[in-house]
Structure formats: C-alpha cells, structure tokens
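Here is a short report on a protein model.

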Amino acid sequence: MSTSIIRRRTRLIAAALVFLAPTLHLMPARAQHVWPGQAWTISTPEAQGLRSAPLVKLDANIRIGIHGNIDRMVVVRNGYIVVDHVYNLDYDSISRGQRTAIGCGIDMCSPEEAADPFNYLHPSTHPYYKGRDVHSLQSVTKSVAATVVGIALTRGAIDSLGTPILQFFEGYDTRDVDPRLHEATLEDLLTMRTGIEWHEQNRPLNETNTTIQLERSPDWVQFTLDQPMDAAPGEKWVYNSGGSHLMSQIVRSATGMLLNEYAEAHLFGPLQIPDYHWKVTPQGLPDTEGGLYLEAAQLAKIGYLYLQRGMWNEHRILSEDFVRRATHKHVENVNAAGWGYGYQWWRLDRDDTIVWAGLGFGGQYLFVLPQHNIVGVINSWNVFGQRFAPVSPAFLTALITATQ
C-alpha cells in the first residue's frame, strides 16, 4: 500500500472521529487547564461554548473550492479539539505540468530538481514531506524559531535581547559589514528592524527577490550579513527572511546545539510533538525562515503554549515576560491592513479581538485568540498561480463569530 493511500486513510479516520464526536464520550468544558498528550482530547464546539454554524459554513466553502487548495483545518477551544477537518487533495495531479521560478511539478522536473528541498511545486516535498502527515509551515517557522530563542533566553543561555547580534557570529566574515549593524540587537532582529536592506514583499518571486537569492546561495548566514543596510537598527520595519534565518546561528552560538536539537530537547519533547521535519541549508543549519514541517494538530500546541503564557502541564517552557513581549505590537501598521508585529509573531487584531498569528507562504495560519481561549490552524498550498478567495479572513471571521 502506498504511503499516500495510508496517509489519506489516516486522515479520514481522524476526520471521522471528529464527525462522530457527538456519539463519543465528550469531556465538558472545565475551569482548570487541560493538557494534551501526543493527541488532543476531542470535544465539540457546543460542548466548549462555541456556535458551530460559522465553522460548518467555512468547511462547506472549503470543500467546494472557494478557498483553493486547503489541506487541514483544526480548532482548539479550552484545550480540546473541537474541529478537525482533513481535505485530501491530489498534488500529483495539481502539480502536473507546472513550472515557475519557485519549482517544477510532476513530469516537469529532472531527478535533481525533484529532489531539491526548496522546490515548492513538487509533491515529494511540498506541501507534505515525503508522504508523511507533516505539512510545510513556511514562515510560521519564524514564530516557532523565535519561540526557541525565547526558550534559550528563559533558560539563561542568552543573557538579554539587548545583546548585539554580531556577538553570535564568530567565524563569519563581518569585516565589511555596515558599521550600523554592530548596533543591531537581538530584539531588533526579532522585530525585523535590523536595518538590513531586503526586498521580499516588494518583489516578484523570481531572481530579483532577495529571499529567492538567499535560498540559492551556498551560505545563508554569510549572504544575509553581506547585504547592505538602508536604515539604522530599530528605525525601519522590513520583512526579512534572511534576518529570521540568523536565529539558527544565534541559537547554535548561544547553546552549542543546532536549533532543531535544542527545540527537540526543550520544546517538541515537553509538548509531546512526536513527528516533524526541519529542512537544513547547505551549511547544515536548520532553515529558520521557512523550513519546519509539523502536523496541524501538533502546531496547535505551539499556539496553546502561548495561550497558557509559557506553561505546559505545570512546567514552565517560556517565561511569561517573553510571551508578553513576543506577542506585543512592537511595530504598528506594518501593512495596508494595519497589522502589527512582535517577535516574529503578527498581530491581526480585529475590532475588540486580539489575534496573535504565525503566517506562512502558500496559506499557513496559526491563530491564537487569547480572550476566547482559542487556537486555530489552517494548512493550504495555494502556490500554483490560481486565484481564490483568501481563507485567512474567512477563518478569523468564523472563529470570532463562533464565540458570539
């Protein structure tokens, strides 16, 4: 039996369990904290004080294709999974005949191209990794990597977020860096205000895009350090995936461990996240700008850790102060939508609802609504050029409306 068939059957079973949840023994909402093990306890929206109608409507719209290639939707309320929908898409067929600047699909790749971990169109590695249930998170990786930095700070491996970042790059050539970069701190890096010139959101996905250049370079850290600066640290917000990748070397320098190893010991292990994949760069560093793969319900645990202010099953993983600062609006109105930015976390507040978010290319969304004790995850893979109604605002609307 092929791995794709096994994966589909596994997801169908998971989806069936949620569909049949009203017939199962469902745990009622309780005041005390609920902690998942490897798996979450299943409940229903109504049992946890939510209206199901908005979420049912969104599910129906996803199934008829309004929002494109949606792979998974998970909603956690009060520590219980209340929605878990799997949408089994055939990416062999979807990718067939596709070739763009970001990759090539089935029947369009040489063997070398098909094996390239940064080929975003080939179904061997995107959106799922080699037939496993772990899904590419793209830039939600940044939020998880920042969490690992926060753990290093909490555990004392990093002294202060005021530490100049270049202290972590012994062995790299920094002789010709702009003198202003010596003043950039770890907090400047986390808030994307190092002053490094970077063209990612203002360029198409081709060779003119700095992040495409980064992913084609032999040494991602050195490439980023070699970029010119167009502002003093702290002066200007610019979305910069190269800066996010510097977290990988920072954690290695501070802890003596690769960031994925440190995460395994102090984040994935305690949260009982049993399976993940983390891409590495040509220099062997974990790709912290977009290389993490997690299964959606396991990603929800990261959001739940923040919802619980850094505690997990009565064990402190992150300091409460770091959680507060990471999700704070350090930068206001970073785009036309009026979003804010924290420590590699977005603020997508709507009306009176605070929303902490990890966002990723292709449609990866981790939403945390602290006022409503909700974590929501959607995985998508809308990278093939078609235009669909964006699922992110629809998902956020459904979550908020379900509480009313």
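## Cavity lining

The lining of the largest cavity divides into 4 nonpolar, 4 polar and 2 charged residues. Here Ala, Val, Leu, Ile, Met, Phe, Trp, Tyr, Cys and Pro count as nonpolar, Asp, Glu, Lys and Arg as charged, and the others, Gly among them, as polar. The lining residues are L189, M192, R193, T194, G195, I196, K236, V238, N240 and G243. A cavity is a set of points on a 1 Å grid over the protein atoms alone where a 1.4 Å probe fits but cannot get out; lining residues have an atom within 4 Å of a point.

The largest cavity has a volume of about 70 Å³. The count is 2 cavities of 30 Å³ or more. Grid points are joined across faces, edges and corners, and a volume is the space filled by probe spheres set on the points.

## Basis of the model

The model is predicted: local features need pLDDT of at least 70, side-chain atom pairs count only at pLDDT 80 or more, and totals for chains, interfaces and linings use all residues. Residues are numbered from 1 along each chain as its sequence is written, and side-chain values use heavy atoms, with hydrogens and water left out.

## Backbone

The peptide bond from H126 to P127 is cis, with omega near 5°. P127 sits in the loop between α4 (111–115) and β5 (135–136). Helices (H or I, at least four residues) and strands (E, at least two) are DSSP runs, numbered from the N terminus.

Q138 has a positive phi, near 50°, and is not glycine. Q138 is in the loop between β5 and α5 (140–154). Q138 is buried, at 6% relative accessible area. Phi of D351 is also positive, near 50°. D351 lies in the loop between β11 (346–347) and β12 (356–360). D351 is exposed, at 75%. Buried means under 20% relative accessible area, exposed over 50%, partly exposed in between (1.4 Å probe, protein chains only).

## Aromatic pairs

The structure holds 23 aromatic pairs. Rings of Phe, Tyr and Trp (its six-membered ring) pair if their centres lie within 6.5 Å; planes under 30 degrees apart count as stacked, over 60 as edge-to-face and the rest as tilted. W40 and Y304 are edge-to-face, 5.3 Å centre to centre with 75° between the planes. W40 is in the loop between α1 (3–19) and α2 (53–63), Y304 in helix α11 (residues 296–307), 264 residues apart. Both W40 and Y304 are buried.

Y120 and F361 also pair edge-to-face, at 6.1 Å and 80°. Y120 lies in the loop between α4 and β5 and F361 in the loop between β12 and β13 (364–369), so the pair ties together parts 241 residues apart in sequence. Y120 is buried at 6%, whereas F361 is partly exposed at 31%. Ring pairs also link W237, Y239, W339, Y341 and W346 into a cluster.

Key: 1 Å grid on protein atoms, 1.4 Å probe; cavity = no way out; pocket = protein on both sides within 12 Å on 5 of 7 lines; lining within 4 Å.
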